[in-house]
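Try each task before reading its solution.

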Amino acid sequence: MGNKEWIAMVLAGGQGTRLGALTKDSAKPAVPFGGQYRIIDFTLSNCHNSGIDTVGIMTQYEPLTLHAYVGIGSAWDLDRRDGGVYILPPYARESGGDWYTGTADAVFQNMEFIDHYDPCYVVVLSGDHVYKMDYAAMLDYHKVCQADVTIGVIEVPWNEVNRFGIVETAASGRITEFTEKPRQPKSNQASMGVYIFSWKVLKQYLLYDDANKESTHDFGKDIIPGMLAARQRVYAYRFSGYWKDVGTVDSYWEANMDLLGDEPKIVLTGDEWPVYSPSLSLPPHYQGTEARTRCSLIAEGSIIMGEVENSVIFPGVYIGPGARVKDTVVMPQARIESGVVVSGAIVTPNTVVSQEVLGSELNGIIEVAASRQSEAGEAQKQVSLAG
């Protein structure tokens with residue numbers, strides 16, 4: 001088996017501590033998103049829609065939920081005899097074994113898997129971003145530039161620049177400088193965490209990096225700067241569509257809100273570039289006689305007896321009579337009891353929000369308290385609720 005033109009390697013082992021309780025029991029790519037999806041659905045759907053039929057998913061932190069969710073990959077047409085999806089946790093080898101110590105080390109530890117398919121190109125992706133992207137168009141650009149690596153880049157707001165790897169380019173698109181999370185950035189062109197490598201070149205650099213005891217074994221901090229220093233052909237592929245790194249609670253809430261409205265920033269409906277997910281086989285959602293819903297995504301299996309506005313409602317949610325939910329993400333199996341008002345919040349899975357616990361009104365729970373709430377009493381109420 002071998003001679004694949006390209007395969008994808010998905011980094012899905014991050015702990016996601018900035019997402020608080022959302023990643024307490026699961027890896028960040030397995031966090032529910034958008035009413036019926038999980039974050040990793042976007043990366044895997046991009047692979048399928050782009051024509052990539054072999055995908056390795058490198059897991060590490062709290063992998064059980066993610067492993068069970070991906071299964072054999074049938075939701076993304078990756079249940080194949082020649083290729084398909086593979087879960088790749090760290091494992092003991094004859095030469096020793098250890099946890100993945102960085103993004104580059106994760107790929108290094110799976111070189112045998114990659115060599116098994118002998119690809120010309122390897123696409124390295126993050127499993128925790130929300131976006132729709134044609135990797136095939138990026139591969140065409142990589143070939144035209146005769147690049148050793150092509151990095152997907154997107155323009156980000158200047159006040160968010162220090163969250164990302166930032167690139168500077170020549171007029172030709174060739175990258176002249178790459179700085180990870182700069183304090184004084186010269187550009188707002190950010191790496192999307194989407195790389196296409198020519199495999200023979202990447203393999204050399206992974207071997208060099210593994211032998212370097214001073215390395216942090218990271219693509220942004222070590223591999224890419226090393227390739228630039230050696231004058232390898234490093235190019236930027238400019239992406240102009242929607243892309244969101246949902247690594248913080250605020251960005252997660254914002255990305256869900258971006259799905260709403262008559263002209264949402266990212267569209268989940270339609271057949272042009274579908275986002276796939278495993279079917280839950282739940283009954284249709286039910287709205288009671290006094291229920292009112294407006295500008296919301298409401299998943300199957302939910303029961304709406306109160307009011308819902310500009311919100312994302314996940315499967316199995318119950319919203320009681322007289323309850324009002326606005327600008328809120330209500331995650332699977334949560335209950336908003338009668339008379340409760342919830343606004344601008346993320347309600348975590350299986351949470352019960354009742355007047356006995358809450359009082360009468362909630363403007364964000366512990367996941368958004370740090371940035372949206374300031375009063376100590378309110379924060380304490382939120383901690384009690386989330387706990």
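A nonpolar core is a set of buried Ala, Val, Leu, Ile, Met, Phe, Trp, Tyr and Cys residues joined through side-chain atoms within 4.5 Å. Keep in mind that this is a predicted model.

**Exercise 1.** Find which residues touch the most other members of the largest nonpolar core, and which elements contribute to this core.

*Solution.* Start with the core itself: among its 41 residues, Tyr252, Ile319 and Ile336 touch the most other members. Next, look for elements that give two or more residues; these are helix H8 (249–257) and the strands E19 (312–313), E22 (329–330) and E25 (346–347). H8 gives the most, with 5 residues. Then pick Ile319: beyond its neighbours within four places in sequence, its contacts include Ile303, Met305, Val325 and Ile336.

**Exercise 2.** Work out which strands pair with strand E11, and in which sense.

*Solution.* Take the partners in turn.

1. Strand E6 (residues 121–126) is antiparallel to E11, with 4 bridges; here Val124 stands opposite Tyr195.
2. Strand E8 (residues 149–155) also runs antiparallel to E11, joined by 6 bridges, and Val149 has Phe197 as its bridge partner.
3. Strand E9 (residues 165–169) is joined to E11 by 2 antiparallel bridges, with Ile166 partnered by Ala190.

Finally, check burial: 10 of the 10 residues in E11 are buried.

Technical notes
Residues are numbered from 1 along each chain as its sequence is written. This is a predicted model: local features need pLDDT of at least 70, side-chain atom pairs count only at pLDDT 80 or more; totals for chains, interfaces and linings use all residues. Side-chain values use heavy atoms; hydrogens and water are left out. Buried means under 20% relative accessible area, exposed over 50%, partly exposed in between (1.4 Å probe, protein chains only). Contact means heavy atoms within 4.5 Å. Two strands pair if DSSP finds at least two bridges between them.
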